Amino acid sequence: MKTVVYFIRHAEPDYSVHDDAIRPLTDKGKKDALKVAAYLKDKGIEVALSSPYKRAIDTIKPFVDTNNINVELVDNFRERKVDSCWIEDFHGFSQKQWEDFNYKLSDGECLHEVQERNIKALEKVLKRFYGKDIVIGTHGTALSTIINYYESSYGYKDFDEIRLLTPWVVKFTFDEMICVKIEKIDILKV
């Protein structure tokens with residue numbers, strides 16, 4: 001029996017809000033969340049999980065509200081902690097992290113740590129909801145480290161290509177705990 005997980009990278013966030021946990025969606029992001037709901041409507045999803053960050057929750061909210069599914073928040077699906085302050089050269093910082101999975105700022109997380117906590121959370125989800133179709137609201141870096149875990153060739157170049165792609169869907173198909181297929185879907189072009 002297969003388990004299908006639709007990871008939904010949040011829609012366009014309002015970067016004028018620097019607090020990662022409460023950063024909302026822009027008006028465009030809210031409209032794109034409706035496109036996410038339309039894409040997911042016929043997928044047979046029974047379970048909805050999300051990072052606790054507002055933009056991830058709000059991206060799947062139109063879908064779960066329409067389908068009367070409760071969203072369970074999973075803290076370990078949150079985005080990486082960069083540092084306690086705002087990073088101006090985020091592009092350069094990200095490149096350093098992808099070149100060295102252990103690179104981090106004094107009060108942040110390295111990509112290895114982000115990947116490890118996201119994979120542990122995903123493995124718990126796969127055991128708990130075996131055979132179900134699942135949607136998970138998530139973030140670009142967190143999702144990219146999950147892809148990298150299953151496709152080791154996925155690196156900085158791939159991450160940089162999706163850096164501004166919001167929302168973004170990645171469909172994982174699992175046979176037991178083994179990832180058998182990954183499909184990357186730009187729903188704004190579907």
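A: **Aromatic rings and the sheet around them**

In this predicted model, the count comes to 12 aromatic pairs, where rings of Phe, Tyr and Trp (its six-membered ring) pair if their centres lie within 6.5 Å, and planes under 30 degrees apart count as stacked, over 60 as edge-to-face and the rest as tilted. Helices (H or I, at least four residues) and strands (E, at least two) are DSSP runs numbered from the N terminus. Phe 7 has a relative accessibility of 0% and counts as buried, and Phe 77 is buried too, also with 0%; buried means under 20% relative accessible area, exposed over 50%, and partly exposed in between (1.4 Å probe, protein chains only).

Tyr 150 and Phe 174 form another edge-to-face pair, with 5.7 Å between centres and 75° between planes. This pair links distant parts of the chain, since Tyr 150 lies in helix H5 (residues 140-150) and Phe 174 in strand E5 (residues 168-175), 24 residues apart. Tyr 150 counts as partly exposed at 24% relative accessibility, while Phe 174 is buried, with a relative accessible area of 0%. The two pairs belong to one aromatic cluster, which is formed by Phe 7, Phe 77, Tyr 149, Tyr 150, Phe 172 and Phe 174.

Before going further, keep in mind that residues are numbered from 1 along each chain as its sequence is written, and that side-chain values use heavy atoms, leaving out hydrogens and water. Local features need pLDDT of at least 70 and side-chain atom pairs count only at pLDDT 80 or more, whereas totals for chains, interfaces and linings use all residues.

Strands E1, E3 and E5, named above, belong to an open sheet of 6 strands in the order E3-E2-E4-E1-E5-E6, with mixed pairing; two strands pair if DSSP finds at least two bridges between them. E3 and strand E6 (178-185) stand at the edges with a single partner strand each, so one side of each has no neighbour in the sheet. From one strand to the next the twist averages 25°, with axes being lines fitted to C-alpha atoms, for helices over the stretch in contact, and angles running from 0 to 180 degrees between N-to-C directions. Strand E2 (residues 47-50) and strand E4 (residues 133-138) run parallel and are joined by 4 bridges, and Val 47 stands opposite Ile 134 in E4.

Helices cover this sheet as well. Helix H1 (residues 27-40) packs on the sheet and touches E1, E4, E5 and E6, its direction making about 165° with that of E1, where contact means heavy atoms within 4.5 Å. Helix H4 (residues 111-128) also packs on the sheet, touching E1, E2, E3, E4 and E5, and its direction makes about 140° with that of E1.

For the whole protein, there are 6 helices and 6 strands, and buried residues make up 52% of the 190 residues. Among contacts with a separation of 6 or more, 67% come from residues 24 or more positions apart.
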